[in-house]
Amino acid sequence: EVKVGLITTLSGGGAGLGIDTRDGFMLAVEEAGRDDLDVVVEDDQQKPDVAVQIADRMIQSDKVDLLTGIVWSNLAMAVVPAATAQGLFYLSTNAAPAQLAGKGCNPNYFSVSYQNDNLHEAAGAYATGADFKKTFILAPNYPAGKDSLNGFKRFFKGELAGEVYTKLGQTDYAAEIAQIRASGADSVFFFLPGGMGISFLKQYADSGVELPLVGPAFSFDQNILQAVGDAALGVKNTSSWNKDLENESNAHFVEAYLAKYDRLPSLYSAQGYDTALLLLSALEKADIADKDAFRAALEEADFSSVRGEFKFSPSHHPIQDIYVREVVKEGDILTNKIVGTAIEDRGHAYEDECKM
Amino acid sequence: MTEPVLQTRGLVKSFGALRASDGITLDLRPGEIHAVIGPNGAGKSTLIKQLSGNIAPDEGTVHFLGRDVTALSTMARARMGLARTFQVSALAMEDTVLQNAVLGALGAMSSPYRFFRPALKRAELRGRATAALERMGLAGHAATVVSELSHGQRRQLEVAVALTLQPRAFLMDEPMAGLGGEGSKQLTGILDRLRAEAPILLIEHDMDAVFALADRISVLVYGRIIATGTVEEIRRSPEVRDAYLGDAS
Amino acid sequence: MSLLELHEITASYGASQALFGVSLEIAEGEVLALMGRNGMGKSTTVRCLCGMMAAGGVRRFAGQDIGRLPSHRVARLGVGLVPEGRRCFRDLTVTENLIAAARPGHWDQVKVEVLFPRLAERRGQVAGTLSGGEQQMLAIGRALMTNPRLLVLDEATEGLAPLVRQEIWDALGVLKRDSGLSILVVDKALAELAQVADRAVILERGRSVWDGVFAEVKGEVAERYLGV
Amino acid sequence: MTPILIAEQVLNGLQSGVMLFLMAAGLTLIFGVMGLINLAHGSLYMVGAFAAAATAVATGSFLLALVAALAAAAAAGALVERLVIRRLYDRDHLDQVLATFALILIFSEGTRWIFGSFPLYLDIPQALSGPVTLPGGIQYPLYRLFLIGMGLVVAALLFWLIACTRLGIRIRAGENDREMIAALGVDIARLYTLVFALGAALAGLAGALVGAIQSVQVGMGEPVLILAFVVIVIGGIGSIEGALVGALLVGLTDTLGGIFLPQLLALFMEPAAATQTGAALASMAIYVLMAAVLVWRPTGLFGARA
Amino acid sequence: MSREGLLNAAVLLALGLVPLAAHVMGEPFTITLATRAAILALAAVGLNIALGIGGLVSLGHATFFGIGGYAMGILASHVQDYEPLFEWPFLFEGSTSMPLIWLLAVLASALAALLIGLLALRTSGVYFIMITLAFGQMFYFFSISWSRYGGEDGLSIYVRNGFPGLNTLDPIQFFGLCYAVLCLVLLGARLLARSPFGLALGAARQSPDRVQAVGLDPKRLQLVGFVVSGAITGLAGALFADLNRFVSPTMFSWQTSGEIMVFIILGGVGRLFGPVVGAGVFVMLEHWLGDMSEFWHIWLGLLLLAVVLFARGGLVGLLAGRGRAHD
Ligand SMILES: Nc1ncnc2c1ncn2[C@@H]1O[C@H](COP(=O)(O)OP(=O)(O)OP(=O)(O)O)[C@@H](O)[C@H]1O
Ligand SMILES: Nc1ncnc2c1ncn2[C@@H]1O[C@H](COP(=O)(O)OP(=O)(O)OP(=O)(O)O)[C@@H](O)[C@H]1O
Ligand SMILES: [Mg+2]
Ligand SMILES: [Mg+2]
């Protein structure tokens, strides 16, 4: 009997991401049909203290062996260090902040998704490749936003036309768009997850500024694209996964997900699914009670990822390709299609800081 | 002649174009009841508010116990011993009658920053408070919450709280208002005895009470004092009759 | 037929009962004085009559049962209230106070201002800054503007200068004579009440204990129930 | 930094102020005039936006979507008033806070239950999309000009309603003393339902109008709610002019602060630090503004009462 | 003993016994829940002094809760990272000792309450609600962008701080500590409510004119009340951070302020045990309803509504009768 605790956001404004994560994860679990695998799902309400409390409960009362599912970095920072310190395994389906990749890395912590900077780095690499000379960059003023702009700059060779931090949760971007217009930029990179991205894209499309946009997948993912509408058409974005990636596992996943939930999977669904696959593969090889053996089994990453090639770096973060996608319309539905590869076999920038 | 306890010189207060006080000079001497009467809106309450420090005069001075208190706050004047009652009752409505009285005692002893021993268990506070309530005939209602008192009973409590302060002078804004015939009679008796403890500046429209109590009367009309004198002088003054009394004299 | 009829009214504030059986009647064009010491239930009776609180017993106005009506419906039947403590709308100007609830009829702003010239002077001032007596005039004017059939005055002359008070009593007298308005007054001034009141009802501890012609409120009756 | 850019930013500030006003107007009506703290006002904004989005998808008409937003929010408002709010007028602000906090929970999760967890689509109508060129060469989105116009019209209507009509007088009288105005023969209960529905409708309209250029999602109301409270408090509660001036002040501070603070700091700090510190300060700017206004004038710019 | 007194004793006893029982039965999570309830109750007891007695409706008490939390986070993180907090005028490496952390948390939040109170008390009524909210938001946005201490990600402390003679990592011992603090503060709050200060503060809420007329300064009374109140909530913040071993800007958010206020109203404003009952019930509801349905917020909302509409005086009022004790 193996008990897994899945803590994710199921209520409130950010619920969509958590629901996709859970649905992806559970799909793989159900497909495996193991009746000795028990998954406890809880809603963290996107509040750190609630997440901590749930984690405590899962550890203390439910006696789970492994935790997973947190979407947001700040919640992950609240839960993961304490959980791994108590000897539990944590598999990240999304949030992978720099602290946990570098100085704060832990043998029991695995990020199945990426390291937070990856998609931004890929956007930088893409911008360089697309020969952008002067890019205007913007992100919200919080740690992930700063990491984002730093990640972009790490791989961008051109010049910056401007660098702006917006307010977290801002919904009106008229002022920033005016700045972009006046800056003489030839392109724009932005990281504005969730509702912020929707607002920005709609307003940008209506402003008459026609510079090419690039951003990480978060503002273009399947779960919000419909809300953005045609304003997103043609925009390039970077992602570690897309539904048209050509591999057998992915084809199966997309079809099964659509069949089961009657909607297209998002990046979060895919990461949830992959995380479950990784877990299942390790369970096949080792008993979770034997921590060292189980850890070794996880490190092997012997599963067929929906992202194709997949392996872990020494700090337990993926080494994978990051793609460039373009927003297209398939019938009535907005979705992405892969148009290239931004970086190949990317690990992450904090590898050297991790001593384990 | 004895030094006045409370004295104003040339008080002026305007609200926009309206001169609510227009050079008021008057005093309150030890042991007396000085009544201020005048038509509605003449500026009586405005005068009291300037004396008590609730509003600052535009011009003029207020002296209390020989000291210029024009710039002092309400609290400071109250601590010096100036007690007032309000025209519209200002009481802690959710507290009991006793608690309201204790509050007065607390103010008089200016000792509010005590955090531990219960206020009602302090003999000195409670003693003062009960004495005042008894005097106003409210002792039987000590445990009643103020919001459950009738209008007249609240008026009585107003006076009781002022009594707990054991002040050097009283400012009373229509204490009789709302009291029934019997209540007025009682209060008249109480004020009559009270003047020996501290002089009273009394604003009142109840002429029976005023004529029964006042040592001196000042008549305020449109912010000016048009006459000051004894009961008889005022009663006889035709000006006052026209401006204020009508047939009531 | 009587305009207003209260029969055996009982009422409570939460757990404490204030009225234990108040009965009174007012005929068309009659002025009734409601009297009693402090705290005997006069204002509570007024509140019951205006539909401002729930009560037991029978309440009828102009032949209609008003026991279940909300207060605004009672008012519209023709009850105009000048409440205890004035209760002017403090953030409204004098004019706004007057017209807020006005209903068409004999009384309009001009007539009220003739009655109380003071109010005309202070038209644009917000009620909260009026002097006590001015507020009292405003409260009376406001009730008149609803053109009631029964005017209810609860301590309406409290805080007024003798001259003004006299004017108000005179005005009440005129009202009674000319417009046949019925009036219920709660007031302590016996001498002045005598000018207008036809009958009196005296309350003691929430019960109506005396009912009769006003002229008889004197001597022993006054001594016993009013303490004067 | 060219004069044109500065002019454009000022226009942006005004425009975001007017958008805020649309929301604040309904709030100040309910909060100021009826004396009710309605935390659920943001939920009515959300209801408007969702109703508009659903209608736009079903009918394809923006106009119908606006009508639907007005109707849905007004209906929700009237319903809530009759069932809940009505019992709260004579309570203190605390009970109102708790009850309307509870309403937020119900509205938010209820909306999520009906419409799912993902943001909805609502876009600017064809006729109003795209930029126009203003005198001076400023390129400005037509839709935003339309919003400015709408805001000003609403402001004028409300001002007239409250200051000049007997309805307004009665509503304000009711705020001072509900029992008394009823005792004088005014059916204050029905009046309040009406006002509440009107305030709700304004919030719904704001939600729909703003939803077209922002994201329509659960929880969209709360940030705006806080801003709207800031606005009406700066302006003075219950004052429509105050809400308008407050909204413009907040809009300008927010927009211009975000742009100019980092540049100001860059004069004496290194650029990276300046952008970050500037952004941090900018995010606090409106609250600093509000605190400053209240310390200076404890009842807001146009507030009369203590 | 009055009905309310009996109820209070029962509540206190239950809050103490349930975790003990859970300890015996090996249900550590129940202990964690009880600890959470006790700490949140403490925060609300703090607010209840300003709000229940003084009538100061502060929608910014998260400020003090957060300051307490960050006092813990900052002190402990410096020890954790081996970077001294400051080296001048003396070397201070931070601290992982609860008593010291508490002391600093209380001082820092009292200082903040003093400054905020000085400005905020110029206003009153609804304006006061909003200005306290504004200060809360300032701290919130500041903490989000203050990257030195984690910004929005917050600060994780890996090991719970120590208290002399206790193993704080043991849930029941940590609970005992929090429970003891809560009891002490409740005792203090009870004394305060009946003390001359409490009486004067209560009167300052009901009739500031009267308080002035007897020679007391209502604003100063309110300021002192606000500072005491903020300090207690700050202490609760430090404990809360230790419970989670984590602090983040959410502690400063207006929702946190709102929730602290909800505890009080739910339990009963101005009632000594209102905050305790409110926080306890809220934590239980959150826990039980969360298991029932994905849309459990709807049920929570309906329950809260029912309490406001039908249980005036909160749950304590419902159980112990409407009238407040006057002795
Ligand atoms: N804050 C204010 N703003 C404007 N006018 C005011 C203000 N306060 C008082 N007044 C006006 O000043 C005049 C004097 O008012 P005051 O209250 O002193 O009268 P009063 O003599 O006490 O009358 P009353 O016997 O009716 O109580 C009144 O006309 C009143 O309307
Ligand atoms: N709001 C209230 N709550 C509880 N009890 C009340 C309330 N108002 C009045 N009472 C009580 O009801 C009784 C009758 O009060 P009421 O106000 O009717 O008296 P009244 O005859 O008008 O007296 P007054 O002449 O002093 O105005 C009093 O004993 C009073 O204590
Ligand atoms: Mg006066
Ligand atoms: Mg009465």
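In chain A, 69% of the contacts with a separation of 6 or more join residues 24 or more positions apart; contact here means heavy atoms within 4.5 Å. This is a predicted model, where local features need pLDDT of at least 70, side-chain atom pairs count only at pLDDT 80 or more, and totals for chains, interfaces and linings use all residues. Residues are numbered from 1 along each chain as its sequence is written, chains are lettered from A and ligands numbered from 1 in the order written, and side-chain values use heavy atoms, without hydrogens and water.

Staying with chain A, 71% of its 356 residues are buried, that is, under 20% relative accessible area with a 1.4 Å probe, counting protein chains only. The C-alpha atoms fill a box of roughly 60 × 45 × 35 Å along the principal axes.

Now ligand 2. Why is its site shared between chains? Because residues from chains B and C surround ligand 2. There are 19 residues around it, and those that come nearest are Glu148(B), Gly152(B), Gly39(C), Ser43(C) and Thr44(C); a residue counts if one of its heavy atoms lies within 4 Å. By class, the shell has four nonpolar, 10 polar and five charged residues. Charged covers Asp, Glu, Lys and Arg; nonpolar covers Ala, Val, Leu, Ile, Met, Phe, Trp, Tyr, Cys and Pro; the others, Gly among them, are polar.

Next, the polar contacts, meaning pairs of N or O atoms within 3.5 Å. On chain B, a side-chain N or O atom of Ser150(B) is 2.8 Å from an oxygen atom of ligand 2. On chain C, Gly39(C) places a backbone N or O atom 2.7 Å from a ligand 2 oxygen atom, while Ser43(C) has a side-chain N or O atom 2.7 Å from an oxygen atom of ligand 2.

Key. A polar contact is a pair of N or O atoms within 3.5 Å; within protein, one must be able to donate a hydrogen and the other to accept it, and residues adjacent in sequence count only if both atoms are side-chain atoms. Buried means under 20% relative accessible area, exposed over 50%, partly exposed in between (1.4 Å probe, protein chains only).
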